[in-house]
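Please walk me through this protein chain, starting with one detail of a loop and ending with the whole. I would like plain explanations of what the structure shows.

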Amino acid sequence: MRLTRSAMLNVLDTEYVKFARIKGTPEWKVIWKHALKNAAIPPLTLFGIIAGIMVTGVVTLETVFAWPGIGQLALTAALARDYAVVQGLVLLMSAMFIAINLVVDVLYAYLDPRVRYDGRRG
């Protein structure tokens, strides 16, 4: 919430928000359409980082609290030298991490019009 608030305060002080107010746009539209959409980028970045940590930190959490799950399975397989299971779990966790980052990148393109894909490059 603090990150969203500070991002919102920064965005509310920009020229395009001031210009929208001068044009006579209703305040709710200035807040929801212009300011909040651009202020959502830093919290979205933080969400992506936290979601990635949650995916990879499940091994430690399940080991400490002795909860059965994918993290406990990974530790048991590693201790038993069951390489196929370890490889499968690493692949699964990597795919989840990549999917989270893909969703965050797609949301960046939706929120910020400056972030666009150009297929002609590289």
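A place to start is Ala66, which is found in the loop between helix H5 (58-65) and H6. The model is a predicted one, and every value below is computed from it. Ala66 has a relative accessible area of 61%, and because exposed means over 50%, this residue counts as exposed. The backbone at Ala66 is also worth a look: phi is positive, about 55°, although the residue is not a glycine. Most residues other than glycine have a negative phi.

Which other residue shows a positive phi near 55° without being a glycine? Arg81 does. Arg81 lies in the loop between H6 and helix H7 (83-111). With 62% relative accessibility, Arg81 counts as exposed.

Helix H6 covers residues 70-79, and Ala77 has its place there. Is Ala77 buried or exposed? Its relative accessibility is 5%, and buried means under 20%, so Ala77 counts as buried. Setting aside neighbours within four places in sequence, Ala77 is in contact with Asp82, Val85 and Val86. Gln87 is ten residues away from Ala77 along the chain, and the C-alpha atoms of the two are separated by 9.7 Å.

Now turn to the other end of the sequence. Which residues make up the largest nonpolar core? There are eight of them: Ala7, Met8, Val11, Val17, Ala20, Val30, Ala35 and Ala39. The elements that contribute two or more residues to this core are helix H1 (2-12), helix H2 (15-22) and helix H3 (27-39).

Trp28 is found in helix H3. At 53% relative accessibility, Trp28 counts as exposed, because the limit for that class is over 50%.

Charged side chains come next. How many salt bridges does a search of the whole structure find? The search finds two. In one of them, the side chains of Lys18 and Asp13 meet, with 3.7 Å from N to O. Lys18 has a relative accessible area of 35% and is therefore partly exposed, whereas Asp13, at 52%, counts as exposed. The side chains of Arg21 and Glu27 also meet in a salt bridge, with 2.8 Å from N to O. Arg21 counts as partly exposed at 34% relative accessibility, and Glu27 is partly exposed as well, with a relative accessible area of 43%.

Nonpolar residues are also found on the surface. Leu3, Leu46, Ile50 and Met54 form a nonpolar patch there, and together they have about 360 Å² of accessible area. Which element gives the largest share of the nonpolar patch? Helix H4 (residues 41-56) does, with three residues. Ile50 is found in helix H4. This residue has a relative accessible area of 41%, which means that it is partly exposed, between the limits of 20% and 50%.

With these details in place, consider the chain as a whole. The chain has seven helices and zero strands. Read along the sequence, its pattern is α-α-α-α-α-α-α. The C-alpha trace spans about 70 × 40 × 15 Å along its principal axes. A compact globule of 122 residues would have a radius of gyration near 14 Å, but this chain has 21 Å.

The totals complete the picture. Of the 122 residues in the chain, 22% are buried. The accessible surface comes to about 9,100 Å², and carbon and sulfur atoms account for 69% of that. Among the contacts with a separation of 6 or more, 46% join residues 24 or more positions apart.

Conventions. Residues numbered from 1 in each chain as written. Predicted model: local features only at pLDDT ≥ 70, side-chain atom pairs only at ≥ 80, totals over all residues. Heavy atoms only, no water. Core = buried A, V, L, I, M, F, W, Y, C linked by side-chain atoms within 4.5 Å. Buried < 20%, exposed > 50% of the residue type's maximum accessible area, 1.4 Å probe, protein only. Helix = DSSP H or I, 4+ residues; strand = E, 2+ residues; numbered from the N terminus. Patch = residues over 30% accessible without salt bridge, like charges linked within 9 Å, V, L, I, M, F, W, Y side chains within 5 Å. Areas by Shrake-Rupley, 256 points an atom, 1.4 Å probe, with all protein chains shown as cover. Salt bridge = Lys/Arg side-chain N within 4 Å of Asp/Glu carboxyl O. Rg over C-alpha atoms; globule rule 2.2 N^0.38 Å. Contact = heavy atoms within 4.5 Å.
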